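Let's take a friendly look at a ligand site and a pocket in this model.

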Amino acid sequence: METRPLGTTGPQVSALGLGCMGMSALYGTADRAESIATIHAALEAGVTLLDTGDFYGMGHNEMLIGEALRSAPAARREQALTSVKFGALRGPDGEWGGVDGRPAAVKNFAAYSLQRLGVDHIDVYRIARVDPGVPIEETVGAIAELVEKGYVRHIGLSEAGADTIRRAAATAPVVDLQIEYSLISRSLEQSILPTTRELGISITAYGVLSRGLISGHYTRDRRLAANDFRSHSPRFQGENLDHNLALVDSLRKIAEQKGVSVAQIAIAWVLSRGEDIVPLIGARTRERLTESLGALDVTLDDADLTAIEAAVPADAAAGERYAPAQMATLDSER
Ligand SMILES: NC(=O)c1ccc[n+]([C@@H]2O[C@H](COP(=O)([O-])OP(=O)(O)OC[C@H]3O[C@@H](n4cnc5c(N)ncnc54)[C@H](OP(=O)(O)O)[C@@H]3O)[C@@H](O)[C@H]2O)c1
């Protein structure tokens, strides 16, 4: 598979990474055996980057990845790079309790993640949301100590804004910023992307399909469990949803002309944004994985890009990408 560099100081990774969140949390029930088969199929296809968070299913996702790695052929296991987020606090009912980026907490989170994943190091380690109560220098400094000790290889960031990125990068080398980036989530293009480019930091893009909304598979009548992220995401509600699905219909016409799927167009567009962008695909079945990986074979020429951006202009989405309380936690949106 085509590879891309993770920042100027990080490893080469597959051009598409696999985001494993939906295998444990936030998008309704997932099938465990199919999830593991999907991770194995991704590794077999040459995907090397597996993204998770210790809070995805309160450790469930890391244990799932650990099981998949243990049962994968040794050669595939050795190629796999783990990208882990920490810091989000949970409760036994699944409630969210803020974020903890204190150095002592960073080391504690890492110790548990290493156990659950069953690995001796984490390849890229990042706080999920910048802790407003702890200077980023302290959080990143704690990860840098883990790097010195060999428990972590590289430092990443998640949903950090330009100022925080600069401060973090002045503390220790940062290889990537994980942030939402899709045809309908482009706010990072204003100040964040120029900053990461100036500093030699890559983007691992999540929500490339806007959580399935622009995948071409999402329908108006889809029933969601109460704990499904999309049941309270502004873009999936009422008139917003109608508006956003109309954008998908415009995209579908372009996809049909090119003989590819809507999801493939959406992923290929993010891939086209630059060699420093690595989309994370949220497939949790082999069927969706195959469709997503097909995006690597889609070439978008200038005419295609013009048609896509005319169908879905930069600020075309109705609704913010998170509900207000969650938007307020995004350093990247300040
Ligand atoms: N740093 C952060 O703050 C943050 C936040 C969110 C996610 N992430 C990471 O980024 C990863 C990707 O994010 P995401 O899951 O929201 O991405 P996404 O690709 O936008 O959404 C994945 C959803 O799209 C649907 N889908 C439809 N067609 C698909 C296809 N061909 N391939 C894949 N999915 C398809 C799936 O729904 P069905 O399975 O229901 O069909 C799945 O629930 C996550 O797994 C996580 O590791 C990071």
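How do the residues of the lining of the second largest pocket divide into nonpolar, polar and charged? There are 5 nonpolar, 4 polar and 5 charged residues, where Ala, Val, Leu, Ile, Met, Phe, Trp, Tyr, Cys and Pro count as nonpolar, Asp, Glu, Lys and Arg as charged, and the others, Gly among them, as polar.

This is a predicted model, in which local features need pLDDT of at least 70 and side-chain atom pairs count only at pLDDT 80 or more, while totals for chains, interfaces and linings use all residues. Residues are numbered from 1 along each chain as its sequence is written, and side-chain values use heavy atoms, leaving out hydrogens and water.

**The pocket**

Of the 14 lining residues, L69, R77, A80, V119 and H121 lie nearest the centre of the second largest pocket. Helix α2 (60–70) is among the elements that supply at least two lining residues, and α2 gives the largest share, 3 residues. Helices (H or I, at least four residues) and strands (E, at least two) are DSSP runs, numbered from the N terminus.

**The ligand**

Around the ligand are 30 residues (a heavy atom within 4 Å), and Y27, D51, R211, R284 and S292 come nearest. Helix α10 (residues 286–293) gives the most to this shell, with 3 residues. By class, the shell has 11 nonpolar, 10 polar and 9 charged residues.

Here are some polar contacts (pairs of N or O atoms within 3.5 Å):

| Protein atom | Ligand atom | Distance |
|---|---|---|
| G19, polar backbone atom | oxygen | 3.1 Å |
| D51, polar side-chain atom | oxygen | 2.6 Å |
| S158, polar side-chain atom | nitrogen | 3.0 Å |

Conventions. On a 1 Å grid over the protein atoms alone, a cavity is a set of points where a 1.4 Å probe fits but cannot get out, and a pocket is an open set with protein on both sides within 12 Å along at least five of seven lines; lining residues have an atom within 4 Å of a point. A polar contact is a pair of N or O atoms within 3.5 Å; within protein, one must be able to donate a hydrogen and the other to accept it, and residues adjacent in sequence count only if both atoms are side-chain atoms.
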